[in-house]
Amino acid sequence: MAIHFLTRLFGSRNDRLLRQYRKTVEQINGLESGMQALSDEQLQAKTEEFRERIGKGESLDELLPEAFAVVREASKRVMKMRHFDVQMMGGLALHHGKIAEMRTGEGKTLTATLPVYLNALSSKGVHVVTVNDYLASRDAQTLSRLYQFLGLTVGVNLPTLSRGEKQAAYNADITYGTNNEYGFDYLRDNMVYEPVERVQRGLNFAIVDEVDSILIDEARTPLIISGPAEDKTTLYMAMRDVVPLLERQEGEADPRTGEGVTKPGDFTVDEKGHQVHLTESGYEKAEQILAERGMLAGDASLYDPSNIMLVHHLYAALRAQHLYHRDQHYVVQAGENGKPEVVIVDEFTGRLMSGRRWSEGLHQAVEAKEGVDIQAENQTMASITFQNYFRLYGKLSGMTGTADTEAYEFQEIYGLETVVIPPNKPSKRDDQLDRVYKSSKEKYDAAIADIRECYERGQPVLVGTSSIENSELISNLLNKAKLPHQVLNAKQHAREADIVAQAGRSKMITIATNMAGRGTDIVLGGNLEKAIQAMQDDPAVDPADYPAREQALREQWQKDHDAVTSLGGLRIIATERHESRRIDNQLRGRSGRQGDPGSSRFYLSLDDPLMRIFAGDRVRSIMERLKMPEGEPIEAGIVTRSIESAQRKVEARNFDIRKQLLEYDDVSNEQRKVIYQQRNEILDARELKEQITGLREGAFNDLVAQYVPAGSVEEQWDIPRLQQVLQSEWGLDLPLQQTIESSNAFSDEDVREQVVQAANAAYEAKLAQVDEQQFVQFEKAILLQSIDTSWREHLASLDYLRQGIHLRSFAQKQPKQEYKREAFALFGQMLDAVKNEVTRVLMHVRIQSPEEAAAAAAEANARNQQLAQAGHTVHADYSDDGIVEAQVSDAPPAAPVGEVPRVGRNEPCPCGSGEKYKNCHGKLA
Ligand code: ADP
């Protein structure tokens with residue numbers, strides 16, 4: 001009560017904003033006569049003038065009144081449309097980074113031109129976001145006349161464009177495109193291996209059309225680029241068969257005496273550290289076996305950069321055989337499809353971790369060992385939600401016909417304020433009370449009867465449904481009733497836009513699923529412009545007849561328009577309430593444009609899901625109290641209100657789900673920002689000495705800490721083991737023991753320093769042999785590759801974590817907090833993995849000449865390109881439990897499964913790629 005009272009006294013925040021906007025609009029209107037007096041050239045020269053003034057430090061806000069006045073004047077001349085005052089107000093809201101709620105037909109497309117022009121003057125790019133490609137192209141095309149007149153360039157960003165074309169579209173002053181495409185470009189830009197491959201140039205300002213569809217309805221469907229993690233089945237099987245040929249060494253060699261080995265062998269098993277190590281002889285033997293089996297070129301070494309992966313898989317196979325034991329670490333049991341699969345056993349609780357997989361190829365190696373199907377992995381390479389993508393923009397704004405009901409969410413999650421802009425002409429639409437029937441049959445009968453009445457009278461009807469099935473059901477009923485109609489289901493945007501454009505003609509019955517983003521408004525009597533266009537496109541019409549024909553069309557249209565208007569305009573009929581009031585409002589909003597008459601009615605029944613779950617009992621009891629006779633509907637404000645309150649409840653629940661998802665997503669979002677930023681720095685870097693040295697020192701510090709813990713005393717050290725590891729794994733001969741013995745004060749810090757120095761020196765020696773510039777390219781490629789593969793694995797781990805985390809709530813823990821904590825720890829591990837991997841590769845790689853450095857860089861780059869291209873874009877769906885379900889998938893053909901194929905290296909690859917075997921799957925095997 002108090003709030004209502006205060007609102008009346010001071011006006012709502014919305015009223016106050018509108019009052020401010022009106023003042024500015026008056027100022028703009030005051031400039032109109034001056035603008036009118038300018039010649040076209042003088043008007044066009046304004047753009048340059050504004051740019052100069054910005055260069056001198058004037059702000060966009062200061063320029064706003066003049067700039068808006070210029071756009072209006074230009075629009076009058078070029079588009080024959082003068083921005084209404086309310087459109088000016090909408091433009092102000094958009095410029096100030098808010099959501100402008102403007103009803104359907106109020107002209108949002110033209111409204112956007114105002115802030116688009118103003119913000120494009122800064123030359124940092126303006127992105128207009130539409131829900132489909134058709135609208136992006138159409139809006140860009142219609143408006144480019146205006147923008148070009150004003151000297152601005154316009155680009156359209158379509159999925160079919162080449163990289164160069166995309167870059168051009170992004171480099172334009174103004175870019176039109178869909179939310180999906182902007183988001184995917186962002187992700188792809190963070191997967192490139194050359195700076196010139198990026199297409200975007202920063203995210204400055206975005207205006208999102210149908211902002212509620214994109215930021216709310218699609219909030220649960222992240223954009224995902226995923227690729228089949230290369231199918232390496234053949235490799236896993238082959239490696240499995242190599243393992244039995246290698247012998248396990250028994251006993252540990254004492255580093256000082258070399259004694260202790262009871263049985264020499266090819267590899268050692270470190271049960272505690274869960275690791276295996278190949279011995280020197282083991283390396284040689286493995287090389288020999290792999291060469292015999294055609295998996296390694298005869299003269300190649302396992303230390304060669306291109307063979308890092310082979311070593312990795314050999315280790316995975318060794319670990320699978322010798323460290324992971326059936327019924328202890330995992331079980332083999334029938335999966336959902338009845339086929340046996342490997343299920344991890346949690347080492348602490350003994351619980352089966354269904355659906356979880358070990359990473360880094362270990363799981364596949366175990367599958368190969370057990371002879372069960374090796375599961376192809378679809379790896380997420382990159383993903384982002386729309387929320388997080390759009391929050392990256394320096395300034396964000398949006399427009400829609402229906403934001404008010406979700407204003408709280410926009411504010412809470414995006415910090416976007418909603419401003420309800422009044423209509424240009426007051427609405428005359430009659431929104432009738434809901435009619436509720438006891439059964440759905442009665443409901444449909446009543447709806448069809450209403451449609452028939454309209455049809456017989458000549459009034460156009462738009463029937464809204466929330467699903468394609470429901471559209472089909474109504475279409476069948478209309479067919480039975482012999483009522484001609486059109487069905488739209490948002491599949492062919494261009495064709496359907498034409499149908500929608502004519503949906504306001506007399507006797508038209510149009511059934512549509514989801515009216516959001518159709519982008520064409522329904523004009524009573526039909527769309528005159530389209531009719532004229534169709535006449536001119538007709539080759540049978542003589543151009544000389546155009547004026548007369550056009551005149552005739554105009555007169556006819558006026559008659560039709562008046563007739564439909566007098567019949568009550570467009571009638572909206574729906575047979576269900578959507579979960580969200582906003583969607584119902586979107587449908588209603590199609591009627592009563594620009595002060596037209598119109599009406600709407602929802603026909604419901606107690607069987608409707610929403611009624612059954614949320615409002616049924618209440619409404620049923622009202623029906624009983626009112627003693628409604630059988631077959632009679634109930635139509636009362638109290639019923640409509642209780643349905644709305646049910647909708648509110650569902651909306652609130654959905655909001656909570658979205659918020660929850662976002663909170664989980666925030667964690668990976670922060671990490672993504674860190675990774676992408678680092679990645680971009682590396683990509684743009686000329687030299688990487690500092691980074692690489694940092695990684696190397698970190699890796700060796702960690703290594704030393706394993707044997708010489710920080711702050712420990714000499715008695716706790718295990719110098720012989722450290723010396724051995726340095727020797728066997730890193731080829732570093734350090735007489736540490738001797739040094740320590742001959743010195744009287746040697747701290748753990750000194751050990752670390754010695755080791756790090758030795759590692760640095762070894763690396764410097766390697767650098768001295770090669771061309772530094774070439775080697776930087778190699779370093780860069782390896783670093784990026786390591787970051788990318790680790791990041792992808794990390795994304796998978798986060799998914800596993802998210803899926804498993806709800807189990808924690810049973811243990812009285814806060815799942816979200818747990819998730820954050822563990823995700824943070826995983827991230828740390830991931831960074832460690834990058835550090836160790838990069839150091840390992842760079843220290844081990846055998847590059848002895850500038851030519852070899854160049855070749856290694858080229859090879860690493862080629863491999864990276866291959867990695868990047870494996871991706872395909874998916875608009876995935878989060879189900880309620882947070883599991884990502886991919887909707888689309890166009891994976892490249894998989895490699896043959898089974899035995900190692902005996903194919904000549906120069907023969908075509910059996911996978912059907914058309915490449916030579918050695919350049920395709922022969923690369924792996
Ligand atoms: P919305 O997206 O708000 O539903 P549109 O941008 O599709 O509306 O515009 C609806 C129609 O109104 C279009 O045909 C457009 O050309 C027309 N229109 C918009 N603004 C004006 C104006 N200021 N003067 C005349 N016609 C306008």
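**Entry 1: two loop lysines**

I began with K80, which I found in the loop between α5 (60-78) and α6 (85-95). Helices here are DSSP runs of H or I with at least four residues, strands are runs of E with at least two, and both are numbered from the N terminus. The model is predicted: local features need pLDDT of at least 70, side-chain atom pairs count only at pLDDT 80 or more, and totals for chains, interfaces and linings use all residues. Residues are numbered from 1 along each chain as its sequence is written, and side-chain values use heavy atoms, with hydrogens and water left out.

I looked up phi of K80 and noted a value near 60°, which is positive in a residue other than glycine. Most residues other than glycine have a negative phi. Is K80 buried or exposed? K80 counts as exposed because its relative accessibility is 67%. The classes are buried (under 20% relative accessible area), exposed (over 50%) and partly exposed (in between), with a 1.4 Å probe and protein chains only.

I then turned to K507, in the loop between α20 (493-501) and β19 (509-513). Phi of K507 is also positive, near 70°. K507 has a relative accessible area of 38%, so I put it down as partly exposed.

**Entry 2: E101**

I found E101 in strand β1 (residues 99-101). E101 is buried and has no salt bridge, which would be a side-chain nitrogen of Lys or Arg within 4 Å of a carboxyl oxygen of Asp or Glu. Which side chain of opposite charge is nearest to E101? It is R103, 7.4 Å away. I also noted that a polar atom of the E101 side chain lies 2.6 Å from the backbone nitrogen of D404.

**Entry 3: the ligand**

Next I looked up individual atom pairs. A polar side-chain atom of Q87 lies 2.9 Å from a ligand nitrogen. A backbone N or O atom of G105 is 2.6 Å from an oxygen atom of the ligand, and for G107 a backbone N or O atom is 3.0 Å from a ligand oxygen. On its own the ligand has 570 Å² of accessible area, and the protein covers 74% of that.

Methods:
A polar contact is a pair of N or O atoms within 3.5 Å; within protein, one must be able to donate a hydrogen and the other to accept it, and residues adjacent in sequence count only if both atoms are side-chain atoms. Accessible areas come from the Shrake-Rupley method with a 1.4 Å probe; for residues, only the protein chains shown count as cover. Lys and Arg count as positive and Asp and Glu as negative; His and the chain ends are not counted.
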